[in-house]
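Colleague: I would like to learn how to read aromatic pairs in a protein model. Could you walk me through an example?

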Amino acid sequence: MSGATRVKTLRLSSPEETHALGVRLGGLLRPGDFVGLIGDLGAGKTHLVRGVAEGAEVPRSEVASPTFAIVYPYSGRIPLYHADLYRLTNYDDLYSTGFLDMVEAGDGASLVEWLDRIPETAPREHLRVILRHAGGDVRELTAEAFGSRSAELLDAWLK
Ligand SMILES: Nc1ncnc2c1ncn2[C@@H]1O[C@H](COP(=O)(O)OP(=O)(O)OP(=O)(O)O)[C@@H](O)[C@H]1O
Ligand SMILES: [Mg+2]
């Protein structure tokens, strides 16, 4: 349907569970990995990314509270580029942010909230994480791997 190489779905019943899953992903990311996050307002995208940052050993003080910046670079075990496309409407808007250069440089892993705003931001090889509200604190997470590295990452993450 979506053309993904591999798809997995699971239920997250609390913010803590989502955080823990993020930590686990943060421990697995390598430079060049690209993770797109898709989901409604409050679905838990940023919450998951905070877990990823912790798992990638980013000092807690570096992880931004929401601001108007589009890209937040963090330095952990590897560089992490956390971007939020919510306020952007087209690919050209992204040029001026410096984000595309960071992805191109390939020295870090990228985490992109609201990837569905500008889907062409994603390289061919990427992991897509979709979060859906499923009542109260429950979220349904679907991870779709596009390409072989992402499938390997997905398997290691959600075994
Ligand atoms: N199972 C859960 N997983 C993640 N967050 C949860 C869960 N249950 C409740 N929450 C709460 O939902 C909110 C998620 O907010 P978060 O900022 O992560 O959403 P978001 O998807 O990034 O939204 P936005 O598009 O506005 O940036 C947090 O307040 C968090 O505590
Ligand atoms: Mg967010």
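Predicted model: local features only at pLDDT ≥ 70, side-chain atom pairs only at ≥ 80, totals over all residues.

Colleague: Which values describe a pair of aromatic rings?

Modeller: A pair is described by the distance of the ring centres and the angle of the planes. Searching the whole structure here gives two aromatic pairs. In one of them, tyrosine 86 and tryptophan 114 are tilted, with 4.9 Å centre to centre and 50° between the planes.

Colleague: Where in the chain do tyrosine 86 and tryptophan 114 lie?

Modeller: Tyrosine 86 belongs to the loop between strand 4 and helix 3, and tryptophan 114 to the loop between strand 5 and strand 6. The pair links distant parts of the chain, 28 residues apart.

Colleague: Is tryptophan 114 buried or exposed?

Modeller: Tryptophan 114 is buried, because its relative accessible area is 10%. Tyrosine 86, at 32%, is partly exposed.

Colleague: What about tyrosine 91 and tyrosine 95?

Modeller: Those two form an edge-to-face pair, 5.6 Å centre to centre with 85° between the planes. Both lie in helix 3, four residues apart, or about one turn of the helix. Tyrosine 91 is partly exposed at 28%, whereas tyrosine 95 is exposed because its relative accessibility is 51%.

Colleague: Which charged end sits over the ring of tryptophan 114?

Modeller: That of arginine 117, 4.6 Å from the centre of the ring.

Note on methods: Residues numbered from 1 in each chain as written. Chains lettered and ligands numbered in written order. Heavy atoms only, no water. Phe/Tyr/Trp six-rings, centres within 6.5 Å; stacked < 30°, edge-to-face > 60°. Helix = DSSP H or I, 4+ residues; strand = E, 2+ residues; numbered from the N terminus. Buried < 20%, exposed > 50% of the residue type's maximum accessible area, 1.4 Å probe, protein only. Lys NZ or Arg CZ within 6 Å of the ring centre and 35° of its normal.
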